[in-house]
Amino acid sequence: MPHHRTALRLVAPVAVLALTLTACGGDDTADAKSTGTARAKASPSPEPTSGGEMGTGESATGKVAEDPGEVTYEVLAQKVDVGTEAEAAKVVSEPDKVKGEVLAVAHLKYTHRSGPALTDGSDVHDGTTVFADGQRGTVLIGATEDAAGCEDPYDVDSRKQGASHVFCETYVIPANAKSVEVHWAEEDGEPYIWKFPNG
């Protein structure tokens, strides 16, 4: 899979369906409660295992299915470097597509806490996304391989217990965004969210 390229890839926004139950009458409410109780007894809902808002400097812990086995990582969103519109225009092949937008480079530190040593890359950074004012940004492929303080995940050959690496993700966000959020999630897990002011 080629990874040394710069291309703007549009990412479909993640939709969340919020289901609100309202009771219209006394009998309906009783029926809904008894049906809900019966379902809960038949299949109890699992406890949430991950996700939530994180404080500045606070690390999350999560598991990632790697080759040759599951690895537990400590993950910390360190900072987000927000650039200018001119910088964004320079790194894309079609500058008119990023008018009014800037680059947001999220720096995440991943520490291998338990599990097998890896010798052929990692998928830990695949769970990272960047949001601006609650809206998912557009990921920019190949833009952070030489950014200051960022390692290219494809150049790290050995990852063993106790080792830490800083990988970065670059997204395009609106220039007037007031806040930037870095999300990281285990596969099928709820995201951990770090918030950073913009400006």
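Which residues does His-112 touch, not counting residues up to four places away in sequence? Taking contact to mean heavy atoms within 4.5 Å, His-112 touches Val-71, Thr-72, Tyr-73, Ala-117, Arg-159, Lys-160, Gln-161, Gly-162 and Ala-163. Before going on, keep in mind that this is a predicted model, where local features need pLDDT of at least 70 and side-chain atom pairs count only at pLDDT 80 or more, while totals for chains, interfaces and linings use all residues. Residues are numbered from 1 along each chain as its sequence is written, and side-chain values use heavy atoms, with hydrogens and water left out.

So where does His-112 sit? You'll find His-112 in strand β5, residues 101-114 (strands are DSSP runs of E, at least two residues, numbered from the N terminus). His-112 is buried, with a relative accessible area of 1%; buried means under 20% with a 1.4 Å probe, protein chains only. A polar atom of the His-112 side chain also lies 3.4 Å from the backbone nitrogen of Gln-161.

Now look at the partner of β5. Strands β5 and β9 run antiparallel and are joined by 11 bridges (two strands pair if DSSP finds at least two bridges between them). Strand β9 covers residues 164-174, and nine of its 11 residues are buried, so β9 is largely enclosed by the rest of the structure. Strand β8, residues 138-141, pairs with β9 too, in the antiparallel sense over two bridges. There, Val-139 has Tyr-171 of β9 as its bridge partner.

Next, the empty space. Rolling a probe the size of a water molecule over the atoms shows where such space is left. A cavity is a set of points, on a 1 Å grid over the protein atoms alone, where a 1.4 Å probe fits but cannot get out, and lining residues have an atom within 4 Å of a point. The structure holds one cavity of 30 Å³ or more. The largest cavity has a volume of about 60 Å³, a volume being the space filled by probe spheres set on the points, which are joined across faces, edges and corners. Its lining is made up of Tyr-73, Tyr-110, Thr-111, His-112, Val-124, Arg-159, Ala-163, His-165 and Phe-167. The elements giving two or more residues to that lining are β5 and β9, and the largest share, three residues, comes from β5.

Definitions and conventions
Helix = DSSP H or I, 4+ residues; strand = E, 2+ residues; numbered from the N terminus. Buried < 20%, exposed > 50% of the residue type's maximum accessible area, 1.4 Å probe, protein only. Polar contact = N/O pair within 3.5 Å; in protein donor to acceptor, adjacent residues only side chain to side chain. 1 Å grid on protein atoms, 1.4 Å probe; cavity = no way out; pocket = protein on both sides within 12 Å on 5 of 7 lines; lining within 4 Å.
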